[in-house]
Amino acid sequence: MTPKRLLAKSCADPALPPPAATLPGHTRSVLDCALVLLNKVGAASLATVGLPSGMEQRLRRCVLVAALVHDLGKCSDHFQDMVRKARRAPQLLRHEAASLLLAETEPLRSWLLGAVEVALDLDLAYAAAAGHHRCFPSEALAAEDRGAGCETRLMVTHDDLVATLALGTSFLELPPAPALKSDLVVTRRDASRAWDQAADRVAEALEATTAKRLLAIVKALLIDADVAGSALPKADEGTVWIRTALERRPDSAGLADICAKRLKGAEPAPFQLAVAASALPVTLVEAGCGTGKTAAAYLWAMQHAGRQLWFAYPTTGTATEGFRGYLVGADVDARLEHSRREVDVD
């Protein structure tokens with residue numbers, strides 16, 4: 001039975017889902033977040049991986065195409081039954097695989113080609129979309145003995161799928177999406193063949209260093225946009241949070257205050273000065289506990305004031321200690337982030 005609404009995620013009442021839980025609503029949220037990320041960090045992301053600023057428009061098109069297609073496969077009957085808890089058997093295709101298969105189908109592929117500068121970029125966008133849960137799942141196609149059945153139906157004629165594709169017109173300036181006249185029944189063999197062909201094209205494309213670097217950024221920005229669009233579902237909540245978070249940057253005075261308090265009037269050690277002067281993309285410091293590695297990192301950060309700064313620790317416990325030891329009472333806008341932050345801050 002065809003549901004009235006296509007869901008992108010579970011909700012309390014599938015018959016009356018909030019807009020953010022529907023496929024078009026969620027996709028719009030992700031596209032909105034992707035635009036803010038592109039505007040805020042698109043150019044910096046290109047510079048970070050050594051790509052020219054002239055590729056910014058190309059990056060923008062790739063990310064927006066990936067955001068548009070990343071969840072299209074949730075129009076499958078298996079996913080819709082699963083998200084409503086009406087299906088116990090596994091899905092024949094995970095939604096990433098179904099999205100890739102649907103985007104590969106004509107006339108959708110030809111329509112989406114109009115959104116990118118070169119055909120290669122469509123394949124890069126597809127690769128990012130297929131791996132937007134970090135990597136393409138190893139069990140994207142259920143094993144034959146899992147009881148998933150031998151076919152699934154993609155409800156491409158559903159009003160919510162039509163509304164989702166229509167976002168391509170407003171976000172990518174595409175002509176109206178082609179009308180798909182009948183739902184698509186996908187077999188195990190169809191699915192395997194479609195993404196094998198896509199994988200071959202991407203593998204060939206990634207022989208070029210530029211394509212590898214571009215894909216890395218496209219995928220990272222898509223994952224970021226999907227997380228923000230999912231975690232902050234209210235209207236404009238995700239975009240406001242992204243803008244606010246990415247505008248929080250330490251200044252040199254605040255970083256100097258942190259270093260001065262930690263060093264307690266002493267001069268930095270030679271190794272700390274060497275770390276501070278490092279111009280390499282990665283600097284590895286090997287030293288025992290309490291020798292001043294973190295202070296060295298803050299001294300390095302002083303040389304890059306005005307850029308966003310993240311300190312990452314291996315555990316929640318060490319993160320809390322790092323926050324307590326360096327940032328509590330310092331004249332800097334900082335926040336502890338992990339699953340127990342409320343308890344530890346209290």
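Modeller: Happy to; we will go through a few labels in turn, and please keep in mind that this is a predicted model.

Biologist: Let's begin with a single residue. Why is L284 called exposed?

Modeller: L284 has a relative accessible area of 72%. The label exposed needs over 50%, so with 72% L284 is exposed. L284 sits in the loop between α12 (270–276) and α13.

Biologist: How far is L284 from A295, in sequence and in space?

Modeller: They are 11 residues apart in sequence, and their C-alpha atoms lie 14 Å apart.

Biologist: Now to charges. What makes K40 and E247 a salt bridge?

Modeller: The closest N and O atoms of K40 and E247 are 2.6 Å apart. The cut-off is within 4 Å, so at 2.6 Å the pair counts as a salt bridge. K40 is in helix α1 and E247 in the loop between α10 and α11, so the bridge ties together parts that are 207 residues apart in sequence.

Biologist: And is K40 buried, exposed or in between?

Modeller: K40 has 33% relative accessibility. Buried means under 20% and exposed over 50%, so K40 at 33% is partly exposed.

Biologist: How do you know that R109 and D123 form a salt bridge?

Modeller: Their closest N and O atoms are 3.4 Å apart, and the limit is 4 Å, so R109 and D123 qualify. R109 lies in helix α5 (residues 108–113) and D123 in helix α6, 14 residues apart. Both R109 and D123 are buried. They also belong to a network of salt bridges that links E104, R109, D123 and R201.

Biologist: What about D190 and R193: what makes them a salt bridge?

Modeller: The closest N and O atoms of D190 and R193 are 3.3 Å apart, which is within the 4 Å cut-off, so they count too. Both lie in helix α8 (residues 188–205), 3 residues apart, or about one turn of the helix. An α-helix has 3.6 residues a turn, so residues three or four places apart point the same way. D190 is partly exposed at 28% relative accessibility, and R193 is partly exposed at 42%.

Biologist: How many salt bridges are counted by this rule?

Modeller: The count comes to 16 salt bridges.

Biologist: Let's stay with α8. How do you know that its span is close to the expected one?

Modeller: α8 has 18 residues and reaches 26 Å from its first C-alpha to its last, close to the 26 Å expected at 1.5 Å a residue.

Biologist: Why do you say that the buried residues of α8 line one face of the helix?

Modeller: The buried residues of α8 are R188, A191, A194, W195, A198, V202 and A205. Seen down the axis of α8, they fall within an arc of 140°, so they line one face. The face turned away from that buried side carries the exposed residues R189, D200 and E204.

Biologist: What is the volume of the second largest pocket?

Modeller: About 730 Å³. Of the 26 residues that line the second largest pocket, L309, W310, A334, R335 and E337 are the closest to its centre.

Notes
Residues numbered from 1 in each chain as written. Predicted model: local features only at pLDDT ≥ 70, side-chain atom pairs only at ≥ 80, totals over all residues. Heavy atoms only, no water. 1 Å grid on protein atoms, 1.4 Å probe; cavity = no way out; pocket = protein on both sides within 12 Å on 5 of 7 lines; lining within 4 Å. Points joined across faces, edges and corners; volume = space filled by probe spheres on them. Helix = DSSP H or I, 4+ residues; strand = E, 2+ residues; numbered from the N terminus. Buried < 20%, exposed > 50% of the residue type's maximum accessible area, 1.4 Å probe, protein only. Salt bridge = Lys/Arg side-chain N within 4 Å of Asp/Glu carboxyl O. Expected span 1.5 Å × (residues − 1). Arc of directions from axis to C-beta.
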